[in-house]
Structures are given as C-alpha cells and as structure tokens.
Amino acid sequence: MKTSVAIIGGGPSGLLLSQLLHRRGIPSVVLERKSKDYVLSRIRAGVLERGLVDLLDEAGCADRLHAEGYVHHGTLISYGDEMFRVDFTEHTGTPVIVYGQTEVTRDLYAAREAAGGQIEYEVEGVVIHDADGTAPYVTYSVHGEERRIDCDFVAGCDGFHGVSRQTIPLSVRREYEKVYPFGWLGILSETPPVCDELIYANSERGFALCSMRNENLSRYYIQCSLSDKPEDWTDAAFWQELKRRIPAEQAEKLVTGPSIEKSIAPLRSFVTEPMRWGRLFLCGDAAHIVPPTGAKGLNTAASDVHYLYHALGEFYETGSHAGIDSYSARALARVWKAERFSWWFSSLMHRYPDQSAFDLKMQIADLEFLRSNVAAQKAMAENYVGLPY
Ligand code: FAS
Ligand code: PHB
C-alpha cells in the first residue's frame with residue numbers, strides 16, 4: 001500500500017490530523033492498535049480550548065460539539081471552605097467548552113468513516129523504517145497478515161506507550177520528566193453536576209475536581225496515593241472523601257450515585273525533544289504528557305496537529321520544507337508553556353507528602369494572591385483558555 005502520510009495511532013491526535021489532511025486533499029492511513037470500541041471506552045479529557053474547537057470546525061466535525069458542548073465562562077477554585085471564581089471571558093474574551101474527549105473521538109471517527117478514510121484497527125507489531133531517509137515505510141500485521149505502507153511521512157500519534165518516540169535514536173532524543181507522588185482517582189456517575197462550573201479544590205486532605213459531561217453525567221476526581229487501586233475504593237468511600245475536600249456548602253448539594261467508570265491516572269510531566277526525526281513527526285502524548293490539572297493534554301495535542309497539518313499542506317502545495325523544518329521548534333515552544341502551566345496549577349492545588357508548614361503557607365498565600373489580584377487571574381485565565389497557536 002502507498003499513501004502520503006502514515007499515521008500511527010487512532011486517538012484524537014491521529015484522527016484529527018487525518019481528517020484535516022483529507023480536507024486539504026492529502027491522503028493518509030491511520031493504524032490503530034486497539035478496536036474502535038476500546039478507544040471509545042477510554043474516559044479522559046473534558047475541557048476544550050478555543051483552538052481545538054476551531055480545528056474541529058475546520059475539520060468539519062464540530063456540529064455535535066456546538067449542539068451538546070457546554071460553554072464555560074469561568075471556573076471555581078476552593079481552598080478549605082473558601083471559594084472564588086476566575087472569569088475566563090472577562091479576562092481573555094474567550095470561554096472554554098466542556099465536551100468529553102470520548103465524544104471528540106467519536107465525532108472524528110464518524111467524519112473519517114463518512115469520508116471513506118482508511119483506518120486499520122487491531123494492528124500489531126508496527127515498525128517504522130527509514131524515517132531518517134527519503135522513503136520511509138511502515139510494516140505491521142493485522143490478524144496475522146503482514147502488511148507494508150510506503151509513504152512520504154510518518155506521524156507518530158500513538159501516545160505515551162507507542163512505538164514512534166522509541167523509533168528516534170536515544171542519541172538524538174532528549175527526555176525531560178517529572179513524576180508526581182500521587183495519582184487521580186476518577187469516577188463517572190449518572191448524577192447532576194454539583195455546580196454549573198468546574199470546581200478545583202485544594203484541601204488539607206488533598207486535591208479534588210468536580211467536573212461534568214452533561215446535566216446528568218458528572219466526572220469527579222480526588223488525589224490519591226500511587227499505591228491505590230480503583231478496587232480499593234468503594235463508591236461510598238469515594239463520595240465521603242470528595243465531600244470532605246470541597247466546601248461544605250457544595251458538599252451538602254452533592255448528588256451521589258453508583259459509579260459507571262472508576263480509574264486511576266498517574267500524574268507526570270514529560271517532554272521529548274526533538275518532535276521530528278527525518279520524515280517522522282511526533283504529535284500529542286507520543287511527545288509530551290502533562291498532569292491533567294490544567295486540562296492541557298488533549299489541547300496541546302491539538303496545537304501539535306495544527307502545526308503539522310499546515311506544514312504538510314505547505315509541502316504538498318508548494319514544495320517548501322519551511323513548515324516541516326520548523327515544526328519541532330514551533331510545537332515545543334507551546335508545549336513547554338503548557339507544561340509550565342500544568343506544573344504550576346498542580347503545585348498550587350495538590351498536597352505533597354514532603355510539604356513543610358512553610359510550604360503550605362506559601363500555597364495558601366498563592367491562592368489568596370490569585371483570589372485578589374486581577375493580573376494573576378488574567379494570567380491564569382490566558383493559560384487555561386489556551387495560549388495562541
Ligand atoms: P492517545 O494516547 O489518546 O492515543 C494514542 C492512540 O495510539 C491510542 O488509541 C493507542 O491505542 C494507539 N497506539 C498506541 N501504540 C500503538 C501502536 N504501537 N500501534 C498503533 N496504535 C498504537 N487530558 C486532559 O486534558 N484531561 C484529563 O482529564 C486527562 N485524563 C487522562 C487520563 C488518562 C488515563 C490518560 C492516559 C490521559 C489523560 N489525559 C487527559 C490526556 C489525554 O487526554 C491525552 O492528552 C490525549 O489522549 C492525547 O491524545 P493522543 O495524542 O491521540 O494520544
Ligand atoms: C474532566 O472533565 O475530565 C477534566 C476537566 C478538567 C481537568 C481535568 C479533567 O483539568
């Protein structure tokens with residue numbers, strides 16, 4: 001088989017890139033390790049930046065997002081029983097949209113299928129060959145049948161545990177990592193959200209987040225130990241702990257119910273440089289990971305896709321290498337700012353095992369400053385709604 005761009009990974013990065021390339025007349029093939037149902041069973045991000053919404057509009061698959069997504073003009077931040085609001089629209093002119101990553105992925109699959117896009121599921125043994133040459137190719141198998149795709153470029157959109165990043169020689173790669181001493185235990189429940197905006201909560205017992213998917217589907221998280229397993233937590237224990245971490249007034253309003261999904265995500269900050277090696281380009285979690293505190297994971301994958309899609313479009317339309325040669329530096333410039341914000345917000349909102357009494361005083365002083373200072377709120381809002389591409 002021959003195509004222009006072989007895309008490894010059928011998550012949001014790979015699907016969005018494939019759909020945008022298609023709209024520009026550039027063919028691609030997506031290779032996905034899992035089944036479509038498995039990919040759609042994963043519960044992940046919930047907040048979309050303006051930039052991602054614009055890309056989904058450009059990809060022609062944002063109708064449901066505009067019909068069902070929730071426009072949020074701000075967020076609530078609590079510490080103990082104190083709570084204040086940061087108004088995104090007042091400070092930046094831009095809201096965010098709450099719409100689950102699962103639904104974004106569902107819409108992208110529907111768009112690719114409607115356009116006759118080539119997606120191969122349950123592929124195994126993907127190997128990227130000659131990425132540093134001028135005629136890369138990918139070999140893999142499907143149900144035991146060996147296959148090969150000859151292409152001009154390979155987009156590594158296969159997430160943190162994929163093969164693409166590993167294809168770049170260690171002598172070329174520089175990796176930066178921070179592993180956080182806690183995880184997030186998340187549940188999904190068919191209950192009305194406790195509030196009509198998100199609540200990020202700092203409490204002496206640890207971080208909590210009250211989020212949502214729709215008026216009868218809520219998403220909640222609590223900071224948990226890395227040694228915890230989902231089965232260690234009954235629903236009753238989860239609700240009791242969540243109530244102890246959010247302001248009493250909110251806890252009284254909280255509607256509890258059975259969890260329909262329960263999972264633990266470890267938190268890490270990770271970046272690999274460069275994000276390009278020859279004809280191989282890394283996008284999304286294949287290149288970088290952020291703690292989900294700032295809702296930057298999916299949204300930073302989107303800006304990678306934006307840069308790569310335009311670079312490849314320029315190459316095929318004009319023969320210019322300028323975009324593909326500058327891709328890594330442009331993408332990383334925004335990636336590092338997302339890493340910084342996610343690290344800062346995680347440091348502000350979580351309790352760390354080695355925090356001293358002074359450290360805790362600094363955390364509360366930081367929260368009080370954010371609460372009282374317009375410039376601080378504007379800076380936070382600009383990062384949360386998404387820095388310019
Ligand atoms: P993805 O990991 O989503 O997709 C990669 C795809 O490649 C997968 O479908 C995988 O099956 C496939 N793949 C892997 N190896 C392959 C191979 N060898 N061959 C073929 N296919 C292969 N972000 C937030 O903003 N908020 C959150 O709350 C949040 N929660 C998260 C919870 C978890 C458990 C995880 C892992 C991530 C979370 N994220 C969150 C980040 C997440 O949303 C990512 O940023 C987003 O999925 C990035 O999309 P992709 O780059 O497409 O990577
Ligand atoms: C979510 O709704 O899953 C969500 C929202 C905001 C975050 C992280 C996760 O910062």
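Author: Around ligand 2 there are 14 residues, the closest being Tyr200, Ser211, Arg213, Tyr221 and Pro292; a residue counts as near a molecule or strand if one of its heavy atoms lies within 4 Å of it. The model is a predicted one, in which local features need pLDDT of at least 70 and side-chain atom pairs count only at pLDDT 80 or more, while totals for chains, interfaces and linings use all residues. Residues are numbered from 1 along each chain as its sequence is written, chains are lettered from A and ligands numbered from 1 in the order in which they are written, and side-chain values use heavy atoms, with hydrogens and water left out.

Ser211 places a polar side-chain atom 2.6 Å from an oxygen atom of the ligand. For Arg213, a side-chain N or O atom is 2.8 Å from an oxygen atom of ligand 2. Ala295 takes part through its backbone, with an N or O atom 3.4 Å from a ligand 2 oxygen atom. Of the 280 Å² that ligand 2 exposes when taken alone, the protein buries 98%; accessible areas come from the Shrake-Rupley method with a 1.4 Å probe, and for residues only the protein chains shown count as cover.

The elements that give two or more residues to this shell are β15 and β16 (217–224), and β15 has the largest share, 3 residues. Helices (H or I, at least four residues) and strands (E, at least two) are DSSP runs, numbered from the N terminus. By class the shell around ligand 2 has 8 nonpolar, 3 polar and 3 charged residues; Ala, Val, Leu, Ile, Met, Phe, Trp, Tyr, Cys and Pro count as nonpolar, Asp, Glu, Lys and Arg as charged, and the others, Gly among them, as polar. Ligand 2 lies between domain 1 (5–72 + 95–177 + 268–346) and domain 2 (180–267 + 351–385), because both give residues to its shell. The domain bounds come from an automatic or database domain assignment.

Ligand 1 has 30 residues around it, and Ser13, Glu32, Arg42, Arg44 and Gln101 come nearest. A side-chain N or O atom of Gln101 is 2.5 Å from an oxygen atom of ligand 1, and a polar side-chain atom of Arg44 lies 2.7 Å from one. Taken alone, ligand 1 exposes 1000 Å², of which the protein buries 86%. Its shell draws at least two residues from each of α1 (12–23), β9 (123–129) and α10 (297–318), and divides into 14 nonpolar, 8 polar and 8 charged residues.

Note on methods: A polar contact is a pair of N or O atoms within 3.5 Å; within protein, one must be able to donate a hydrogen and the other to accept it, and residues adjacent in sequence count only if both atoms are side-chain atoms.
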